[in-house]
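Visitor: I am new to this structure and would be grateful for a guided reading of its features. May we look at it together?

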Amino acid sequence: MAQRSMKRARMRAPGDGDGEGAGPAAGARLGRRVDLPNYETVALMLQGGGALGAYQAGVFQGLHEAGIEPNWLAGISIGALNTAVIAGNPPGKRVERLLQFWETICQPAFGPQLPAFVERAFFNSSEAVRKAFTASQAMSAVVEGQKGFFVPRFPPPLPTVSGPPQMASYYDTTPLKATLEALCDFDRINSGEIRVSVGAVNCGTGNFAYFDNTHTTLRPEHFMASGALPPGFAAVEIDGQYYWDGGLMSNTPLYEVIQTTPRRDTLAFQVDLWSAIGPVPDNLTDVQGRMKDIQYSSRTRLVTDMLQRSQRFRHVLREVLERVPSDQREDPWCKLAEDLACSKRYNVVHLIHRHKEYEGHYKDFQFGLSTMREHWQSGLEDIRHSLEQPGWLDMPDNDAGFVTHDIHRDSR
């Protein structure tokens with residue numbers, strides 16, 4: 001599908017230091033290019049989290065700077081939308097298109113945008129002013145929606161009045177389809193250049209589904225379904241079935257990538273937008289935000305630990321089989337062990353967005369431009385710092401064949 005024309009936003013990543021809208025680390029050095037071991041799969045896994053997804057764009061920019069080009073993208077919700085933009089563009093255009101996407105959806109749907117210098121002045125003011133300003137931006141998203149993303153239904157739906165499932169929501173996401181079609185080449189997405197997987201939940205069966213370009217021709221609807229969080233957004237129809245946001249069941253595509261068969265030596269960058277670790281809230285507003293952190297973090301570390309243990313068993317079993325005499329290998333139990341054993345190795349690098357003091361329970365729908373740039377810059381700094389760590393990208397050589405790294409945890 002040819003890319004449609006769209007009014008071009010500034011084609012510059014936050015923090016590039018041109019003054020207008022530059023991030024807090026404006027003018028920072030570019031990340032160094034790195035040489036990777038011979039991994040068969042380099043995966044980028046993107047969690048859901050609404051407006052926090054700009055952090056993932058910063059992580060991708062850092063990977064791109066370092067010359068690391070993933071060959072598998074897996075996303076859920078906003079992670080699926082970032083996935084569409086990355087996979088739907090040639091390598092040299094991906095950061096540019098991500099910025100265009102984020103600078104588009106971080107504008108009000110109808111009302112005029114504040115002049116950039118006014119927006120930055122409020123955001124960079126005192127903590128109290130910043131909190132009040134970001135809260136007002138979140139309220140703007142609720143009242144009028146976001147440009148190129150969603151708008152309120154008018155008249156609003158009545159709770160007890162039935163209608164088509166694709167109308168049962170407070171907001172209409174038709175603008176998002178136009179944005180995806182403008183910024184993404186779906187022929188490229190389906191070309192197999194990069195494996196693409198996005199998760200959603202079947203409303204009728206309650207089953208989790210991954211739409212994958214290895215067996216499905218992906219359309220804008222597949223990515224929109226992955227981000228259709230009710231009751232704000234309606235279910236999306238795909239081939240006669242209706243789907244909601246994958247984050248309702250599992251907000252992290254880690255399990256899908258690590259457990260896939262046939263198994264492959266894998267370097268996986270897991271980018272999370274919700275941190276399971278955080279302060280105990282002492283007021284009702286913070287309680288709501290902390291609930292989201294716990295609900296949508298999807299127990300990433302628990303899943304990682306479980307996968308590491310299971311891979312250790314497979315790895316040890318492989319080593320034991322190597323010591324079994326060849327004349328015993330036809331034993332049925334040895335045959336079963338052969339099926340279960342695995343010598344492949346997995347390296348998981350976690351990048352986790354850290355809660356900012358000014359962020360309230362509305363942080364996932366607070367689409368301010370300055371906040372977006374700060375999230376983007378945080379992701380960029382975290383991946384640069386991670387890539388600087390000696391040995392972090394090496395092929396695992398422990399008895400599990402599985403290692404994990406997290407710049408925030410490992411630096412404590």
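Visitor: Which residues point one way from β10, and which the other way?

Guide: A word on the source comes before the reply. This is a predicted model, in which local features need pLDDT of at least 70 and side-chain atom pairs count only at pLDDT 80 or more, while totals for chains, interfaces and linings use all residues. Residues are numbered from 1 along each chain as its sequence is written, and side-chain values use heavy atoms, with hydrogens and water left out.

Guide: Strands (E, at least two residues) and helices (H or I, at least four residues) are DSSP runs, numbered from the N terminus. Buried means under 20% relative accessible area, exposed over 50%, and partly exposed in between, with a 1.4 Å probe and protein chains only. From β10, Tyr346, Val348, His350 and Ile352 point one way, whereas Asn347, Val349 and Leu351 point the other way; all are buried.

Visitor: How many bridges join β10 to strand β9, and how many to strand β11?

Guide: Two strands pair if DSSP finds at least two bridges between them. Strand β9 (residues 266-272) runs parallel to β10 and is joined to it by 7 bridges. On this pairing, Leu267 stands opposite Asn347. Strand β11 (residues 402-406) is also parallel to β10, with 5 bridges, and there Asn347 stands opposite Val403.

Visitor: With which residues is Val348 in contact, leaving aside its neighbours within four places in sequence?

Guide: Contact means heavy atoms within 4.5 Å. Val348, which lies in strand β10, is in contact with Leu254, Ile258, Ala268, Gln270, Phe402, Val403, Thr404 and His405, once those neighbours are left aside. Val348 is buried, with a relative accessible area of 0%. The C-alpha atoms of Val348 and Thr41 are separated by 12 Å, although the two residues are 307 residues apart along the chain.

Visitor: Let us turn to a helix. What length does α10 reach from its first C-alpha to its last?

Guide: The expected span of a helix is 1.5 Å times one less than its number of residues. Helix α10 (residues 284-296) has 13 residues and reaches 19 Å, close to the 18 Å expected.

Visitor: Which residues of α10 are buried, and which exposed residues does the opposite face carry?

Guide: An α-helix has 3.6 residues a turn, so residues three or four places apart point the same way. In α10 the buried residues are Gly289, Arg290, Lys292, Asp293 and Tyr296. They are on the same side of α10 because they cover an arc of only 150° around the axis, the arc being that of the directions from the helix axis to the C-beta atoms. The face turned away from this buried side carries the exposed residues Leu284, Met291, Ile294 and Gln295.

Visitor: Where do the prolines with cis peptide bonds, Pro231 and Pro262, lie?

Guide: The bond from Pro230 to Pro231 is cis, with omega near -5°, and Pro231 lies in the loop between α8 (220-226) and β7 (236-238). The bond from Thr261 to Pro262 is likewise cis, with omega near -5°; Pro262 lies in the loop between α9 (254-258) and β9.

Visitor: What is phi for Ser77 and for Asp239?

Guide: Ser77 is not a glycine, and its phi is positive, near 60°. Ser77 lies in the loop between β2 (72-76) and α2 (78-87) and is buried, with a relative accessible area of 10%. Asp239, also not a glycine, has a positive phi of about 50°. Asp239 is found in the loop between β7 and β8 (241-245) and is exposed, at 66% relative accessible area.

Visitor: Finally, how many disulfides does the structure hold?

Guide: A disulfide is a covalent bond between the sulfur atoms of two cysteines. Here a disulfide is taken as a pair of cysteine sulfur atoms within 2.5 Å, and the structure holds 0. Cys342 is in no disulfide, and the nearest cysteine sulfur, that of Cys334, is 18 Å away. Cys342 is buried, with a relative accessible area of 6%.
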